[in-house]
Amino acid sequence: MLKYLKDLTELAGPSGNEDNVREYIKEKISSKVDEVITDRMGNLIALKKGKGSGKKILLDAHMDEVGFLITNINEDGTLSFAPVGGVDTRVVIGKKVKVGKDVIGIIGYKAIHLQRDGYLSTPKYSELKIDIGAKSKAEAEKLVKIGDYVSFVTSYEERGDYIIAKALDDRCGCSVLMDLIEEGIETDHDVYFAFTVQEETGLRGPAIIAEQFKVDIAIAVETTTSGDDPELERQLWSTHLGDGPAITFMHSGYVVNQTIFEKLVETAKQNNIPFQYKMRTVGGTNARRYALTGIPAGVVSVPARYIHSPVSIINKKDYEHTLALLREFLRRNDF
């Protein structure tokens with residue numbers, strides 16, 4: 001459906017500062033579900049009650065994106081900053097960012113002409129600065145402050161079967177959950193749609209959700225690395241754009257519950273939904289956090305190129321097939 005993805009990706013919401021994303025989602029879904037709760041951590045949980053005596057199933061998508069925090073305002077008016085989540089310095093140089101609510105800046109580094117023999121080395125964050133056009137510390141202090149959040153500025157684009165945007169990890173998952181709600185899906189199960197905070201900084205959001213809602217099953221709806229780069233050996237590819245949703249059997253810190261994994265695969269096969277296995281086990285998801293609290297959890301992901309960067313790419317068909325897989329999975333009665 002893709003009704004909400006453009007708006008979601010263009011919102012700023014680094015870990016710990018998900019307010020704009022949460023309020024947008026809440027506004028769009030409140031009238032379409034039976035109950036909406038915002039907990040003390042900032043997670044947004046929407047309940048769609050089932051028709052019968054089914055299970056309690058939770059679908060999780062995290063609202064936060066990687067970003068930065070201002071750590072110092074320098075004498076020359078530039079800003080020092082630190083990453084929020086995992087962001088490689090090599091993908092940020094020269095990129096446009098927003099500081100606070102509306103201050104636009106550029107991430108700068110020493111010009112290549114001045115780098116001499118070290119131009120191929122990876123810079124440290126201490127060597128990068130954000131230029132907001134201020135001529136002095138005093139001028140910059142009128143516009144920003146230490147502790148301000150920083151997010152990438154990227155316009156959403158659709159090109160044929162592809163979508164180009166920032167923050168697809170994991171506004172893509174948020175969009176899938178919102179589309180399921182929009183469809184008014186009916187199932188025997190009580191379905192909790194959890195839009196969680198601070199995944200990128202330690203899987204923090206689900207810890208409190210597990211205390212509040214005694215669900216039987218959790219599914220992390222994610223975006224995952226594709227790796228289908230022509231310069232990378234095929235055996236190192238994690239997933240491939242266009243081959244359908246990725247079903248994870250294991251990732252960092254968690255071996256996926258075998259029953260849930262097998263039922264996801266079976267659901268895809270029975271309904272002729274293209275899918276692929278995530279072939280590398282690096283990275284983690286909120287499924288691990290749910291599992292640590294005793295809730296069996298699985299992972300379904302939309303493959304994406306260049307996640308944790310200013311520009312990511314997904315395939316529309318992968319998105320549509322992810323939506324279809326989750327729709328059919330929720331209709332099962334054999335958990």
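Which residues is F329 in contact with, leaving aside its neighbours within four places in sequence? In this predicted model, the list is I219, I260, K263, L264, T267 and F335. F329 itself sits in helix 8, which covers residues 316-330.

Take K263 from that list. F329 and K263 are 66 residues apart along the chain. Their C-alpha atoms are separated by 7.8 Å. Is F329 buried or exposed? Its relative accessible area is 1%. Buried means under 20%, so F329 counts as buried.

Now turn to the backbone. Most residues other than glycine have a negative phi, and most peptide bonds are trans.

Start with the peptide bond. D169 and D170 are joined by a cis peptide bond. Omega there is about 10°. D170 belongs to helix 4, residues 168-183.

Next comes Q198. This residue is not glycine, yet its phi is positive, near 55°. Where does Q198 lie? Look in the loop between strand 12 (190-196) and helix 5 (205-212).

N272 is placed in the loop that runs between helix 6 (258-270) and strand 17 (276-277). Its relative accessibility is 69%. Exposed means over 50%, so N272 counts as exposed. F329, by contrast, is buried.

Notes. Residues numbered from 1 in each chain as written. Predicted model: local features only at pLDDT ≥ 70, side-chain atom pairs only at ≥ 80, totals over all residues. Heavy atoms only, no water. Helix = DSSP H or I, 4+ residues; strand = E, 2+ residues; numbered from the N terminus. Buried < 20%, exposed > 50% of the residue type's maximum accessible area, 1.4 Å probe, protein only. Contact = heavy atoms within 4.5 Å.
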